[in-house]
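The model is a predicted one.

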Amino acid sequence: VRCGRAGARGRGGGARAGGGKGRGAGGGAPPGPPPLVTVEEGQYEAQLEGKLGRVCAQFGGLAGFSPEALEVFRSAKSHYRMRAEFRVWHEGDETYHVMFHGGTQAQKVRVDNFTVGSCLMNEAMAVVMEGVRANEILRHKLYQCNYLTTLSGQCLVTMVYHKLLGPEWEAEAQALRQKLAQAPQAAPGHVPALIGRSRGKKTVLGQDFVEEKMEVGGRERLYKQVEASFSQPNGGMCQHMLNWALDATRGRGGGLLELYCGNGNFCIALAPNFDSVVATELSKVGISAAKHNLEANGVDNINVAAISAEEFSAAYLDKQPHKKLQKAGVDLANCSFGTVLVDPPRAGLDDLTVKLVSTFDSIVYISCNPDTLRDNLGELCNSHDVKRFAVFDQFPYTDHIECGVLLERRPGPGPAAA
């Protein structure tokens with residue numbers, strides 16, 4: 001695997017593949033778009049301009065939206081993705097990574113040079129395949145390989161098998177870890193973790209997370225990112241998003257509420273701008289990582305509550321205590337929120353959460369789906385104006401775009417935060 005400039009560009013997005021053994025997949029459905037494996041850097045600006053045109057057309061007419069004031073954050077043109085999943089294809093004596101055309105397994109694409117992925121990911125992919133081809137214990141019934149890398153030079157590899165894993169596999173996998181540690185892009189002294197998954201069992205060699213480092217507001221922030229849990233796939237773009245949100249909330253003070261906080265990605269970065277922060281998350285893995293990250297970064301003004309956005313919205317709007325909030329040490333009667341940050345899934349905000357968010361003077365909305373963002377802003381702009389609108393090219397060479405919006409309540413009567 002070379003970590004350099006690439007050839008022809010595939011279409012479509014995603015870094016997840018289906019697959020199996022070396023035989024044609026059945027089914028009569030025509031293959032979908034090919035996976036994005038290599039990129040044509042010369043096409044970057046044209047594809048971004050197309051996205052910006054769609055954003056301007058989609059959001060034009062919203063109160064306060066101005067195409068001229070659009071803030072645009074460009075991605076690295078290649079090697080920008082920090083995590084990806086591949087199926088492993090066995091064909092005679094050959095074994096290699098594959099991805100599939102969208103929506104079907106009828107047509108596979110061999111992946112030896114993945115210029116979408118980070119340089120460290122490409123190095124790890126080459127080391128793993130070289131080790132697997134030379135070792136039957138590692139190769140036998142290997143079904144999938146997942147890679148998680150960081151800007152800080154850490155790497156975690158997950159190997160999924162259709163067999164039970166025992167001491168022989170562990171010994172060979174430990175040797176493979178040492179070879180991964182020699183990757184040029186790996187941080188000095190770092191030995192990448194290797195996880196074996198088989199029939200519901202998980203064998204961890206090293207640790208089941210990586211630690212990312214982000215430069216936010218002139219300081220280094222540390223983030224534990226756990227295997228098989230969500231993290232922003234484009235590390236450089238995540239750094240842009242954190243710095244934009246920090247700047248958008250500078251000088252706010254008071255209280256911040258964050259819904260869908262995950263591992264604390266945003267609230268940790270924004271904590272210096274606020275007196276106190278309440279962050280909600282439903283995933284146990286996310287909550288555990290968030291609490292770890294609070295301690296690692298020396299942040300002491302954030303309370304993380306294990307509660308869904310819908311549950312929080314109902315308790316807040318009804319001004320009723322909730323046992324999940326009480327367990328986290330959050331007393332809504334003593335909370336004074338002026339700003340809310342939401343980073344919802346692609347489905348956007350449900351109606352109750354839109355109602356909750358509309359009661360805040362300042363709203364920071366991070367969206368991975370412009371369609372649901374537009375729907376939600378159609379409601380929120382009845383009482384708020386768009387003050388800043390940012391476009392983050394999280395997924396270059398695909399149709400996907402990430403947006404950040406700052407809204408402020410316009411003067412006049414309307415619901416106010418409790």
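## Burial of the ring residues

A residue counts as buried when its relative accessible area is under 20%. Phe-337 has a relative accessibility of 6%, so this residue is buried. Phe-360, at 0%, is buried as well.

Phe-337 and Phe-360 form a tilted aromatic pair, with 6.1 Å from centre to centre and 40° between the planes. The pair links distant parts of the chain: Phe-337 belongs to strand 14 (residues 337–342), while Phe-360 sits in the loop between helix 10 (351–357) and strand 15, 23 residues apart. Ring pairs also join these two residues with Phe-312 and Tyr-316 in a cluster.

Eight strands make up an open sheet with mixed pairing, in the order 1-16-17-15-14-11-12-13. The edges are taken by strand 1 (71–73) and strand 13 (302–306); each has a single partner strand, so one side of each has no neighbour in the sheet. On average, neighbouring strands are turned by 15° against each other, direction ignored.

Within this sheet, strand 16 (residues 384–392) pairs with strand 17 (residues 402–409) in the antiparallel sense, over 8 bridges. Asp-385 has Glu-408 of strand 17 as its bridge partner.

## Helices on the sheet

Helix 1 (residues 44–59) packs on the sheet and touches strand 1 and strand 16. The direction of helix 1 makes about 165° with that of strand 16.

Helix 11 (residues 370–380) lies across strand 15 (362–367), strand 16 and strand 17. Helix 11 runs at about 165° to strand 15.

## Other aromatic pairs

How many aromatic pairs does the structure hold? The count is 14. In one of them, the rings of Trp-89 and Phe-100 have centres 5.8 Å apart and planes at 55°, so this pair is tilted. Trp-89 is in strand 2 (residues 83–91) and Phe-100 in strand 3 (residues 94–100), so the pair ties together parts that are 11 residues apart in sequence.

Are Trp-89 and Phe-100 buried or exposed? Trp-89 counts as buried at 5% relative accessibility, and Phe-100 is buried with a relative accessible area of 8%.

## Charges over rings

Arg-110 lies over the face of Tyr-96, 4.2 Å from the ring centre. Lys-224 has its charged end over the ring of Phe-209, at 4.5 Å from the centre of that ring.

Note on methods
Residues numbered from 1 in each chain as written. Predicted model: local features only at pLDDT ≥ 70, side-chain atom pairs only at ≥ 80, totals over all residues. Heavy atoms only, no water. Pairing = 2+ DSSP bridges. Helix = DSSP H or I, 4+ residues; strand = E, 2+ residues; numbered from the N terminus. Axes fitted to C-alpha atoms, helices over the stretch in contact; angles between N-to-C directions. Contact = heavy atoms within 4.5 Å. Phe/Tyr/Trp six-rings, centres within 6.5 Å; stacked < 30°, edge-to-face > 60°. Buried < 20%, exposed > 50% of the residue type's maximum accessible area, 1.4 Å probe, protein only. Lys NZ or Arg CZ within 6 Å of the ring centre and 35° of its normal.
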